[in-house]
Amino acid sequence: MNSVKETLKGRDLLSLRDFTPRQIAFILDFAAELKRMQKQGEPHALLQGQTLGMIFQKSSTRTRVSFEVGMYQLGGHALFLSSHDIQLGRGESIADTGRVLGRYVDGVMIRTFAQSDVEELAGYAPVPVINGLTDLLHPCQILADLLTVQEHKGRLAGLKLAYVGDGNNICHSLLYGCAKTGVNISVASPEGYLPREDIVAAARQDAQETGASVSITTKPEEAVSGADVLVTDVWASMGQESEQQARMKVFASYQVNARLAALAAPDYIFLHCLPAHRGEEVAAEIIDGPHAVVFDEAENRLHAQKAVMALLMAK
């Protein structure tokens with residue numbers, strides 16, 4: 001497996017689609033090992049003396065804390081850079097920002113709006129760039145989700161995961177992540193809010209290699225039937241607040257509640273990237289019930305991202 005490890009050194013994490021099934025499996029197994037070491041108090045200062053620059057153009061709880069704590073536990077340092085703190089927020093180009101930061105730090109994490117901005121930054125920064133979230137993709141969250149499923153189910157390949165809700169960045173990265181790991185994914189979204197067709201097509205292409213299936217429907221009941229894992233997300237993501245009321249009407253029948261969950265496998269687990277709006281996309285009885293593993297999932301952001309940083313930023 002050291003050969004797989006070598007293929008990750010110096011890479012960017014812009015999208016899960018850029019990685020092979022073996023590479024993703026290696027990242028997840030490495031994350032599980034780092035989690036074990038952290039729980040047992042075993043030192044793992046794999047990034048001793050290194051610095052991660054963290055650019056935030058979107059606010060965050062889990063992303064900031066997990067990356068910052070993760071770098072500390074790996075023996076390094078994380079530097080928080082909001083758009084108010086750096087010249088990027090005052091008109092400096094992304095290319096120049098990448099060129100400059102790459103001479104100071106050993107890696108860059110960026111949480112922003114446009115996927116193209118992350119890709120441009122990676123094109124100019126001479127150090128690994130990690131996508132902490134864009135409007136299109138959220139690869140770090142889905143690595144944490146897959147780690148959580150693997151922990152609770154003992155495997156990934158052959159499971160059925162149902163995503164119910166907006167065809168957003170979480171949905172897109174789930175499509176990529178499930179296709180790469182052999183998880184059968186079924187997405188239910190309303191007309192007009194379905195995941196992007198090019199991402200669905202790419203996921204289906206990748207699924208041919210792993211034997212996974214990719215299903216898109218407008219019927220939540222169809223998606224959830226027999227599912228081992230249920231996933232949802234907020235109906236209006238950051239930046240869509242003005243659409244909240246309209247979206248609540250469109251998505252009203254897409255709430256994950258006891259009626260819908262009854263169609264899933266008896267031992268299903270429920271995931272949500274948080275923050276959650278109880279009474280909207282998910283009923284309190286589900287997210288606060290015995291099938292929910294959302295706080296294991298939130299914790300696993302730390303362990304999955306530590307694996308990503310340790311592997312990509314390795315010298």
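**Rings, cysteines and a pocket**

User: Which ring does the charged end of arginine 64 sit over?

Analyst: This is a predicted model, where local features need pLDDT of at least 70, side-chain atom pairs count only at pLDDT 80 or more, and totals for chains, interfaces and linings use all residues. Residues are numbered from 1 along each chain as its sequence is written, and side-chain values use heavy atoms, with hydrogens and water left out. A charge sits over a ring if NZ of Lys or CZ of Arg is within 6 Å of the ring centre and within 35 degrees of the ring normal. For arginine 64 the distance to the centre is 3.8 Å, and the ring is that of phenylalanine 80.

User: Why is the pair of phenylalanine 56 and phenylalanine 80 called tilted?

Analyst: Rings of Phe, Tyr and Trp (its six-membered ring) pair if their centres lie within 6.5 Å; planes under 30 degrees apart count as stacked, over 60 as edge-to-face and the rest as tilted. By this rule there are five aromatic pairs. In the pair of phenylalanine 56 and phenylalanine 80 the centres are 5.2 Å apart, and the pair is tilted because the planes stand at 35 degrees.

User: How many residues apart in sequence are the parts that this pair ties together?

Analyst: Strands (E, at least two residues) and helices (H or I, at least four) are DSSP runs, numbered from the N terminus. Phenylalanine 56 lies in strand E1 (residues 51-56) and phenylalanine 80 in strand E2 (residues 77-82), so the parts tied together are 24 residues apart.

User: Is phenylalanine 56 buried or exposed?

Analyst: Buried means under 20% relative accessible area, exposed over 50%, and partly exposed in between (1.4 Å probe, protein chains only). Phenylalanine 80, at 29%, is partly exposed. Phenylalanine 56 has a relative accessible area of 6%, so the answer is buried.

User: How many disulfides are there?

Analyst: A disulfide is a pair of cysteine sulfur atoms within 2.5 Å. By this rule the count is zero. Cysteine 171 is in no disulfide, as its nearest cysteine sulfur, that of cysteine 178, is 9.6 Å away. Cysteine 171 is buried at 1% and cysteine 178 at 0%, and the disulfide count stays at zero.

User: Which residues lie nearest the centre of the largest pocket?

Analyst: On a 1 Å grid over the protein atoms alone, a pocket is an open set of points where a 1.4 Å probe fits, with protein on both sides within 12 Å along at least five of seven lines; lining residues have an atom within 4 Å of a point. The largest pocket holds about 450 Å³, a volume being the space filled by probe spheres set on points joined across faces, edges and corners. Its lining has 24 residues, and nearest the centre lie Arg111, Leu133, Met238, Leu274 and Pro275.

User: Which residue is joined to proline 275 by a cis peptide bond?

Analyst: Proline 275 lies in the loop between strand E9 (269-272) and helix H12 (284-287). The omega of the cis bond is about 0 degrees, and the partner is leucine 274.

User: What is the phi of leucine 133?

Analyst: Leucine 133 belongs to strand E4 (residues 129-133). Leucine 133 is buried, at 8% relative accessibility. Leucine 133 is not a glycine, yet its phi is positive, at about 150 degrees.
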